[in-house]
Amino acid sequence: MRITDIQRCELRSGRLVEWTLHPTTVEAAMRLPDDSRPPAYVQESHVRTTRSVRQDGLFVPTWLGAAFDIPGRIDLDVLQGALRAWTLRHETLRSGFRWTDDEMRRFTLDADAVVLHREDIGTFSDTAVLTRYLQDRFDVAADALTWPNFIFTAVVRDDGTSVYMAFDHSNVDSYSLQRVPGEIHDLYAAGLQGRTADTAPVASYVDFCASERTRADGIDDSHATVARWREFISRCDGKLPNFPVDLGLDPEGPLPAQKLMREMLVEDAEAAAFEAYCRPYGGSLVGILAATALVVREIGGQEVYRTVVPFHTRAKSQWSDSVGWYVGGAPIEVPVARAADFDSALAMVRTALRENRSLARMPIARVLGLLGSDFRPTSPDLYSIVSYVDTRGTPGSERWQDLKASGLLRVSYGDQVCVWLNRLHEGLQFASRYPDNDVAYKNMRLYVEALRDLVVSVARDSAARV
């Protein structure tokens, strides 16, 4: 899916309908005993960071969402059944957290206790008003510090319906959102035909959280992973790395507002040729990181490109269909000053990833806690990222363009840069959120244009070799 925000996802006017968990379901959840399965470290870090920033007086929404169309006249009862069936498949949506002193405790509803409440909000003729309403509504309904923390909506028209779903980040990642349009469509089609959808049971992210946390709690500050992170952070002046160009930040200023930059970087043929060129070194991820290292050397004079590379932690196939936040990070250092050309940068990145990718299996929040450094969170992001995901194998991805399927970001505040490159059937899409000031905008535009030029140049070289 293309990454965008609620302002740029081609909203059209219509009658708005919302689904949230029924008040009786929420009341039942409040009476539940604790679930012995703890939060994942990434969940706890996210919630604590949000709470800390909120206590400092700043409301920073961090929800993610999915948007897609259902063609034709909608049957809202069938759609509601599909949304409920999908919710029941993914236990994390039935599971929340509450505080006992300063400890986060989990509670989890049984599937048969889940009831959706539908509300007809009314007809919106002005898309700008509808956009503002949805963003404000999602900010409240998909907030990290409340439960439930997700909401489903539909904008109904005679010729079709647009579905917009928002979730606090603690429940979902990019892979989770990519599967949503296809799964909801399958469940809705089955409901229309009066049959049960042919869906296999899905492993629970809540179970994954428990197993990952048990493993993470088994290490101490003498573990090799902790030592590697300690060395990396010491070379970053005791911090985790931001995007290595001038972002026009005031170190003493408040957390800045951010903006979204998004566009198609290259079309399918060029993306495929770039992939083919990079394949001997490991593929497009290696290529994008190598290109970034060269570009930031050109823009900011960086002799060593340091970053934290996100990797999914769905190491076993049982987690592949599961909704959750299955993401870890691996630190890499690329001595780009010694790179004579793109091929040598590729080799450097390949070596760095081979040496460090396994570090992503250990939650970084656990590692930081063991380092003993004062990492009191003041930003929703611990570090900047450059992420590459090939989405073409996702079930239903060939229909995304027709269905106007998008992954939604809530761009609000932050002093870091997050870059996402998604390989789609139609090409390679670039999206980034960055501090909203002239310096950051100028340097991010320089980065995008130089990245595009390099990818196109490599693609041409690849085509010439055939």
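**Surface, fold and core of a predicted model**

D101 is exposed, its relative accessible area being 76% (exposed means over 50%, buried under 20% and partly exposed in between, with a 1.4 Å probe and protein chains only). The structure is a predicted model, in which local features need pLDDT of at least 70 and side-chain atom pairs count only at pLDDT 80 or more, whereas totals for chains, interfaces and linings use all residues. Residues are numbered from 1 along each chain as its sequence is written, and side-chain values use heavy atoms, with hydrogens and water left out.

D101 belongs to the loop between β4 and β5 (103-108); helices (H or I, at least four residues) and strands (E, at least two) are DSSP runs numbered from the N terminus. Although D101 is not a glycine, its phi is positive, at about 55°. A positive phi of about 60° is likewise found at D237, also not a glycine. D237 is located in the loop between α7 (224-235) and β9 (258-267) and counts as exposed at 69% relative accessibility. A further backbone feature is the cis peptide bond joining W147 and P148, with omega about 0°; P148 lies in the loop between α4 (127-141) and β7 (150-157). Most residues other than glycine have a negative phi, and most peptide bonds are trans.

The loop between α3 (76-89) and β4 (95-100) contains E91, which is buried with a relative accessible area of 15%. Leaving out residues up to four places away in sequence, E91 touches R37, T108, S204 and V206 (contact means heavy atoms within 4.5 Å).

The protein chain comprises 13 helices and 15 strands, and 56% of its 466 residues count as buried. The radius of gyration, taken over C-alpha atoms, is compared with a globule rule of 2.2 Å times the number of residues to the power 0.38. For 466 residues a compact globule would have a value near 23 Å, and the 22 Å of the protein chain agrees with this. Among contacts with a separation of 6 or more, 82% involve residues 24 or more positions apart.

The largest nonpolar core has 68 residues, and W19, L79, W86, F152, M165, F167 and W229 have the most contacts inside it. Such a core is a set of buried Ala, Val, Leu, Ile, Met, Phe, Trp, Tyr and Cys residues joined through side-chain atoms within 4.5 Å.
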